[in-house]
Amino acid sequence: MGMLAPKPVPRFEQLDAMRWGFAAIVVLGHSAGFYGPIAAGGHAVDFFFVLSGFVLQHSLEQRPTNWARFAAARAARLAPLHFATLFLMVGVFLTTGDGRIPDYDIGATASFLLNLMMLQAVGFKNELSFNFPAWSISTEIVINLTAFYVVSKYRAYAAAGGLALVTYLLLYRHFGAFGHVHTDDMLLFSGGLARTFAGVLAGVSAYGVYRFLAAGLTAPGPRERWIYTGLEAVMLATVLFLMSATANGDKLVLVLLTPATVILFAMGRGWLSRAAALQPFAYLGALSYGVYLIHYPIIVALERSGAIPNDGGTTWVTALLLVGVSTLLTVPVYHGLEIPAKRRLTAFAQQRIAWLERDRSASQTGVRRTMPAE
């Protein structure tokens with residue numbers, strides 16, 4: 001609590017750009033297959049979890065809020081596109097292939113309802129369904145509203161780091177390679193929920209390290225700038241090299257390096273991180289959530305229509321084209337759905353929360369208020 005605070009940063013655009021890069025790896029894996037240069041590409045999702053913990057911790061420290069307002073903001077950010085792509089998947093199933101929704105283990109209706117409640121990957125069933133990548137949205141919102149908020153409130157950076165490390169080691173012991181662990185059972189919950197817990201808390205801990213390192217720093221001189229550029233290049237090259245790892249131990253190293261990568265690039269002191277923060281790359285980062293959720297319905301539609309092979313058998317050229325197509329299709333979705341929905345849902349929820357807070361305060365004095373009209 002006595003730690004010096006770094007100079008406020010409104011947004012880490014360089015981290016947003018990296019988010020798009022890792023989303024592209026997921027698209028490549030789902031279309032061409034997780035082999036060769038992206039054999040360990042399933043761990044791209046672990047980067048998303050670490051980044052989520054890091055930037056959410058930063059946001060709550062810059063603009064503290066209560067749980068209800070935080071929950072409303074997270075739901076407004078994650079839910080609209082999740083629901084849109086869920087119904088899009090239903091449309092894909094009904095209009096392509098045999099025109100039927102797959103008969104999942106627990107039934108199509110029950111599986112759809114779990115997806116609708118954003119609970120499809122927390123441990124109720126050991127099966128991916130509908131828009132497969134959305135499993136991580138399910139686990140992330142649960143962890144955001146529970147473990148993350150508690151740890152964030154008390155700025156328990158060291159405890160978060162310790163819990164993250166222990167959970168990663170338990171995942172490694174239980175599954176070995178856990179880059180494709182989603183709904184798989186792990187004790188009372190899913191392995192995916194454990195991955196999310198570890199990643200988000202690792203991000204909180206990484207933010208604590210960032211605060212310590214960044215406090216009181218001045219602008220780097222030319223020599224220092226080039227030293228940091230070299231460190232960024234080595235770190236990025238190491239991460240990309242480990243993306244091709246097939247040995248379980250190497251994959252664990254990749255996951256454990258993720259918080260260090262986030263810290264280094266968040267510092268923004270090298271030319272690579274500064275370049276990543278430029279507007280075109282930052283804009284790609286803003287599209288990354290859409291790319292992550294939209295690409296899978298596109299792939300399934302193409303597979304069911306026979307345009308591409310099933311189960312990740314396309315060429316690398318086709319896979320790269322799918323990254324581009326997913327990104328381009330995300331642009332109108334981002335501006336026409338994500339931003340307006342987030343703005344309106346946030347305003348609606350915050351208005352209702354403010355009314356409830358005023359009503360609770362007024363009830364102590366015997367004054368009754370009425371709900372404002374729309």
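Hi everyone. A helix here is a DSSP run of H or I covering at least four residues. With that in hand, let me start at Asp 46, which lies in helix H2, residues 44–62. Please keep in mind that this is a predicted model.

So, is Asp 46 buried or exposed? Its relative accessible area is 0%, and the cut-off for buried is under 20%, so Asp 46 is buried. What does its side chain pair with? There is a polar contact, at 2.7 Å, between the side chains of Asp 46 and His 43. Looking beyond the neighbours within four places in sequence, Asp 46 is in contact with Phe 178, Arg 195, Val 255 and Thr 258.

Now to the backbone, and two residues I'd like you to look at. Most residues other than glycine have a negative phi. Phe 130 has a positive one, near 55°. You'll find Phe 130 in the loop between helix H4 (108–116) and helix H5 (135–153). Because its relative accessibility is 1%, Phe 130 counts as buried.

The other residue is Arg 155, where phi is again positive, near 50°. Where does Arg 155 sit? Its place is the loop between H5 and helix H6, which spans 157–175. With a relative accessible area of 29%, Arg 155 is partly exposed.

Terms used
Residues numbered from 1 in each chain as written. Predicted model: local features only at pLDDT ≥ 70, side-chain atom pairs only at ≥ 80, totals over all residues. Heavy atoms only, no water. Helix = DSSP H or I, 4+ residues; strand = E, 2+ residues; numbered from the N terminus. Buried < 20%, exposed > 50% of the residue type's maximum accessible area, 1.4 Å probe, protein only. Polar contact = N/O pair within 3.5 Å; in protein donor to acceptor, adjacent residues only side chain to side chain. Contact = heavy atoms within 4.5 Å.
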